[in-house]
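Welcome! Let us walk through this structure together, step by step. Keep the sequence and the 3D view beside you as you read.

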Amino acid sequence: MGKKFLRNVGIAAAVLFAAAAPVAGQGPQLAMLDQLDGGRWVLRMREPGAPTEALCVATGRRLIQLRHPDASCDRVVVQDSPSEVTVQYTCRGRGYGRTHIRKETNRLVQIDSQGIANGLPFEFNAEARRVGDCGA
């Protein structure tokens with residue numbers, strides 16, 4: 001092995017190490033969703049005449065896959081800030097989605113989501129609000 005090869009390997013290793021190291025002060029991924037209050041949430045769709053949906057939310061991460069609630073899906077975080085997140089996910093054999101969540105308070109968020117579920121396209125805009133404890 002030549003010196004040039006070893007030098008290139010060293011440079012590549014340094015780049016990989018730097019890319020893997022967390023940025024100082026950076027919090028955990030999707031931390032905004034972890035700050036949302038758990039409990040009973042109601043989704044009010046923006047479409048006229050659309051029914052409201054109620055769900056029990058243990059963590060705000062549950063709001064990412066509203067049309068694939070129990071599916072184990074691969075996720076890619078597209079945007080992650082203290083007030084907004086965008087996540088794209090793929091559920092093998094069950095569809096996919098892209099969800100944008102904007103936090104107004106720890107009990108009120110705006111959700112835009114679209115994708116394919118059960119072979120059919122979906123798209124919705126909704127306000128989700130915590131209204132109480134689960135089971136109440």
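A disulfide is a pair of cysteine sulfur atoms within 2.5 Å.

Residues are numbered from 1 along each chain as its sequence is written, and side-chain values use heavy atoms, with hydrogens and water left out.

## How confident is the model?

The predictor's confidence in each residue is called pLDDT and runs from 0 to 100. For the protein chain, pLDDT averages 85, and 79% of the residues score at least 70. Helices (H or I, at least four residues) and strands (E, at least two) are DSSP runs, numbered from the N terminus. Confidence is lowest in helix α1 (residues 3–20), with a mean of 44, and highest in β6, at 98. Over residues 5–25, pLDDT stays under 50, and the model has one contact beyond four places in sequence for this stretch; contact means heavy atoms within 4.5 Å. Where pLDDT is low, the predicted coordinates should not be read in detail.

## The disulfides

How many disulfides does a search of the whole structure find? The search finds two. Counting the bonded cysteines along the chain, the pattern is 1-4, 2-3.

Below, buried means under 20% relative accessible area, exposed over 50%, and partly exposed in between (1.4 Å probe, protein chains only).

| Disulfide | Sulfur atoms apart | Torsion about the S-S bond |
|---|---|---|
| C56 and C134 | 1.8 Å | about 105° |
| C73 and C91 | 1.9 Å | 95° |

The torsion of about 105° is why the disulfide of C56 and C134 is right-handed. C56 lies in strand β2 (residues 53–57) and C134 in the segment after β7 (120–132), so this pair ties together parts that are 78 residues apart in sequence. C56 is partly exposed, at a relative accessible area of 48%, and C134 is partly exposed too, at 35%.

The link of C73 and C91 is also right-handed. C73 sits in the loop between β2 and β3 (74–80), and C91 belongs to strand β4 (residues 84–91), so the parts tied together are 18 residues apart in sequence. Are these two cysteines buried or exposed? C73 counts as buried at 14% relative accessibility, and C91 is buried with a relative accessible area of 2%.

## The sheet

Now follow the strands. Strands of a sheet pair through backbone hydrogen bonds, either parallel or antiparallel. Here, two strands pair if DSSP finds at least two bridges between them.

Seven strands make an open sheet in the order β2-β1-β7-β6-β5-β4-β3, with antiparallel pairing. Which are the edge strands? They are β2 and β3, each of which pairs on one side only. From one strand to the next, the twist averages 25°; for such angles, axes are lines fitted to C-alpha atoms, for helices over the stretch in contact, and angles run from 0 to 180 degrees between N-to-C directions.

Let us start at the β3 end. β3 and β4 run antiparallel and are joined by six bridges, one of which makes T90 in β4 the partner of D74. These two strands form a hairpin with three residues between them.

Next, β4 and β5 pair in the antiparallel sense over eight bridges, and R102 in β5 is the bridge partner of E84. β4 and β5 form a hairpin as well, with three residues between them, and G93 in the turn has a positive phi of about 75°.

Moving on, ten bridges join strand β5 (residues 95–105) to strand β6 (residues 108–117), which run antiparallel. Q110 is buried, at a relative accessible area of 9%. Beyond four places in sequence, Q110 touches residues including R46, H100, R102 and A126.

## The nonpolar core

A nonpolar core is a set of buried Ala, Val, Leu, Ile, Met, Phe, Trp, Tyr and Cys residues joined through side-chain atoms within 4.5 Å. The largest one has 26 residues, of which L33, L63, I101, V109 and I111 touch the most other members. The elements giving two or more residues to this core are α2 (31–35), β1 (39–45), β2, β4, β6 and β7. Leaving aside neighbours within four places in sequence, V109 is in contact with residues that include L36, W41, L63 and I101.

Key
This is a predicted model: local features need pLDDT of at least 70, side-chain atom pairs count only at pLDDT 80 or more; totals for chains, interfaces and linings use all residues.
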